[in-house]
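Have the structure open and follow along.

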Amino acid sequence: MHAISEKLVKYLRVQLNNPLLDIDTELKNIEGGFHTEIFGFSLSGTNGDLSKKLILRLFPERSTEAVLESTIQNALASIGYPTAKAIIVCTDITILGGPFFIMEYLKGQLLMFEPEKYSAQSLGKAHAELHSLSTTDLDKELSKQGVEAWHLDDRFDWIASRVEEMAWLNETFNWLLENKPKVTQKEVICHGDFHGLNVLTDNGSITGVLDWTSFLFANPTYDVARTVLIHKHTARHIPMLSSDIDWDLWVKRYLASYQECSKFELDDLDYFVVLHCVVSLIYGHGGIDFWRLPPIEKGLIDCILTRTGVQVQIP
């Protein structure tokens, strides 16, 4: 950790032309990032946004997501949606071994650890608010940064490329193609992983939505389905969460809150849940161990079977 601190300070002193800048509170690893390393820290000898508590988000060497995430967060923060503003973005992998950005620290605790009724209703409301935002300004900001936003067809192309290496998913992917719903709703800003471990709350208000690596523009049901899958089929297997939570009831409350605050009908919800089951199985066999945990992997397979009649057989 000390080595990262030294390299970061050296870079910031040059970047900001401030030889007095130094580490005040040493970098501390924060658990929770599947794709990134996350550290909390603070600086001395500086002012403004950099004089407050900070978060360093360090991406893998070949990742292109630092610019994507920081642009999304800044665009949404500028219109008042609760995201952390990125202060410094660096794509030079020689500095820390991968692209990174420094963002403001957001006060609060993870929504998932709040009382069940409050967490479900708050998540539904915050999700509906996200889907109500205009896509135009964010799309323009991404274009300025040379970032091409993903759409639902891009997600299908990504799945197709992975299924070529995972033939055991062929039948399920064919089902997705054959049953692909007609587009009846406009695209919205989709977080892609909107759940209670990616949302912060403090004193009854949502203070931050975290981890935008799965963002795309798509049908709102696509985004809601991911939330349903995570809370209904996987949350019960996460040790840090209470075993007393009735996740079926939790999801019903979340959906009721979302629909109360949203103008969108959640057509084809089961279809998109299946799509996310496939995505999660690909993640698991692509190196994200969480999705390979036996009860979670079995839950994904059972979910696909129940909705499609297809029995996935993993070799």
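## Y283

Y283 is buried, at 14% relative accessible area (buried is under 20%, exposed over 50%, partly exposed in between, with a 1.4 Å probe and protein chains only). You'll find Y283 in helix α10; helices are DSSP runs of H or I with at least four residues, strands are E runs of at least two, and both are numbered from the N terminus.

Skipping neighbours within four places in sequence, Y283 is in contact (heavy atoms within 4.5 Å) with R155, W158, S214, R226, I288 and W291.

This is a predicted model, so local features need pLDDT of at least 70 and side-chain atom pairs 80 or more, while totals for chains, interfaces and linings use all residues. Numbering starts from 1 along each chain as its sequence is written, and side-chain values use heavy atoms, without hydrogens or water.

## T213

T213 sits in the loop between β9 (205-209) and β10 (216-218), and T213 is buried too, with a relative accessible area of 11%. Leaving out neighbours within four places in sequence, T213 is in contact with H35, R57, F59, E65 and E69.

## The pocket

Both residues turn up in the second largest pocket: among its 21 lining residues, E65, W150, W158, T213 and Y283 lie nearest the centre. A pocket here is an open set of points on a 1 Å grid over the protein atoms alone, where a 1.4 Å probe fits, with protein on both sides within 12 Å along at least five of seven lines; lining residues have an atom within 4 Å of a point.

Helix α6 gives the largest share of that lining, three residues.
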